[in-house]
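I set out to record, entry by entry, what I looked up in this structure.

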Amino acid sequence: METLFFLIITLVALISAILVITCKNPINSALALIMTFFCLATYYVMLDAPFMAAVQVMVYAGAIMVLMVFTIMLLNIRVDATKKHSHKLIFASIIGFFTVINLIVMLVKSRAALPTGPYSGEMIKMIGHTELVGREIFTSFLLPFEITSILLLVAIIGAVILAKKKI
Amino acid sequence: MGIEILGLPLMYYIAMVAKVLVAFVFVLLTVAYATYAERKIIGHMQVRLGPMRTGWHGLLQPIADGVKLFFKEEIIPSQASTFAFLVAPLIALIPAFITFAVIPFGGVIEVAGYKIPLQIAAYYDTTAGQVFDVNVGVLYILAMSSLGVYGIVLAGWASNSKYSLMGGLRASAQMISYELAAGLSIIAVFMLSGTLSLTKIVELQSGFGGFEWYLFKQPLAAFMFFVCSLAEINRTPFDLPEAETELVSGFCTEYSSMKYAMFFMAEYANMVTVCALTVTLFLGGWNGPLTAAIPLLGPVYFIAKVYFLMFVCMWIRATLPRYRYDQLMHLGWKVFIPVALVNIIVTGIIGYFI
């Protein structure tokens, strides 16, 4: 059941990922990218991480891509006006080739039976993924969390100062 | 259990399909008759009769409207971006319907020895002896409602018309602003409940004949959530994206036939979802007298509460004039968000000392 579901989702994810780079119209590319994010969220659900899935949809598909779509819409790129860029085809294909080799080596050489951590699927089901993530963030990873929030605050202030000449 | 398919009893599949069908048909019928109820209620509030001609007191009006819209000519503007123009109504409609998957509309009922929780995305685990539902139910709803904005933005942009674009931009700015305020206002509820699962939130509100409702513990959050949700789904008094005096019909100006009907259905389906979510979070969900003895009373109470809130929506529409755009932004960013943040802090302080 889950394997079948996984295959269907993977098919959709691959098709939409290919459409992201082949669509002529930038808005259609953006839509395909949203679909890809959605498939990634489905993978998180299948990996017993529903909180990650919800955050993936909310942050990536719901917030960041809205900004991207806005930008594309307001720039108003006409389909016929876009030049056909080569996008450094040779360079990209070399990188792609080595990435594929890397992935294959990783798949073949890696040990499938890694040691299991303290958080099993059963435990996540009983306690809840959100609770576990929250507990970890506010105990073991409190300092990185606080540093991230200060970084975000700095970014917000920077954006306000850049956008507004007079404060 | 007898027959098993892929490791799960046959009853599991039957129950799932039945729940999906029942909930879907219920939402569809509610959407259809909400349009009728709205015209009728507003009519009577304005000392008119509303629709009277089709059927007894106009009861067949939604069907007549549907047939009419179905047979209208389908127009795609020649300069429109065809793909985005075609998928926009679907993107608006689908999130409105699938949010219903995580809302519990009843307790656990027993059919032929198999326990079925009345919530689509939930099952009863016999070994653990409790209901497992989507652990992040509320986050799921917030995520889906944040996808609804694409339908409107795309519709506005793809139509290649100035009115549509203005309507689309207004709608998306409004939805993004009020999404924040709505999300912040319900954090106070989670601080009391300690869980994001909607089943457990409903269970926590079951005691003391209704006095455990979060409406009484968090009245400010309840009010803010309802108002922000109204703004998020573009209902009056926040229906600026469709302000027909300024923008013809906003983002759906260029749409006709079934695609227009889809936007219309999305609006009402969103209204049902928002009312159902408010009921679940603040009005005790399906709880009510005698639900322990007769589990089928749960859905009845749930539907009654949802319909009452929908009546309130229509009442607001008949009473209040439309907000101005700067007033709307001022209300969202400078009133609701700070008040929601203060509410969170106050809830935290009180929760720490009690």
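The notes below follow the order in which I looked things up.

**Conventions.** I treated this as a predicted model, in which local features need pLDDT of at least 70 and side-chain atom pairs count only at pLDDT 80 or more, while totals for chains, interfaces and linings use all residues. I numbered residues from 1 along each chain as its sequence is written, with chains lettered from A and ligands numbered from 1 in the order in which they are written.

**Chain B overall.** I found 12 helices and six strands in chain B (DSSP runs numbered from the N terminus: helices are H or I of at least four residues, strands E of at least two). The C-alpha trace of chain B spans about 60 × 55 × 45 Å along its principal axes. I noted that 45% of the 354 residues in chain B are buried (20 or more other C-beta atoms within 10 Å of the residue's own, C-beta atoms being placed from the backbone). Of the contacts in chain B between residues at least 6 apart in sequence, 74% join residues at least 24 apart (a contact requires C-beta atoms, placed from the backbone, within 7 Å).

**H3(B) and H4(B).** How do the axes of H3 (residues 82-98) and H4 (residues 137-158) of chain B cross? They come within 8 Å and cross at roughly 160° (axes are lines fitted to C-alpha atoms over the stretch in contact; angles run from 0 to 180 degrees between N-to-C directions). The two helices are therefore roughly antiparallel (over 145 degrees). I listed the residues in contact, among them B:Phe85 and B:Ile91 in H3(B) and B:Met144 and B:Trp157 in H4(B). They divide into 17 nonpolar, three polar and no charged (nonpolar: Ala, Val, Leu, Ile, Met, Phe, Trp, Tyr, Cys and Pro; charged: Asp, Glu, Lys and Arg; polar: the others, Gly among them).

**H8(B) and H12(B).** I found that the axes of H8 (residues 219-232) and H12 (residues 325-353) of chain B come within 11 Å and cross at roughly 145°. The contact includes B:Met224 and B:Cys228 of H8(B) and B:Phe336 and B:Asn343 of H12(B). I counted eight nonpolar, two polar and no charged residues there.

**Chains A and B.** The contact takes 18 residues from chain A and 21 residues from chain B. On the side of chain A, H3(A) gives the most, with 10 residues. That side divides into 11 nonpolar, six polar and one charged.

Note on methods: Parallel < 35°, antiparallel > 145°, perpendicular 65-115°, else oblique. Contact = placed C-beta atoms within 7 Å. Buried ≥ 20, exposed ≤ 12 C-beta atoms within 10 Å, placed from the backbone.
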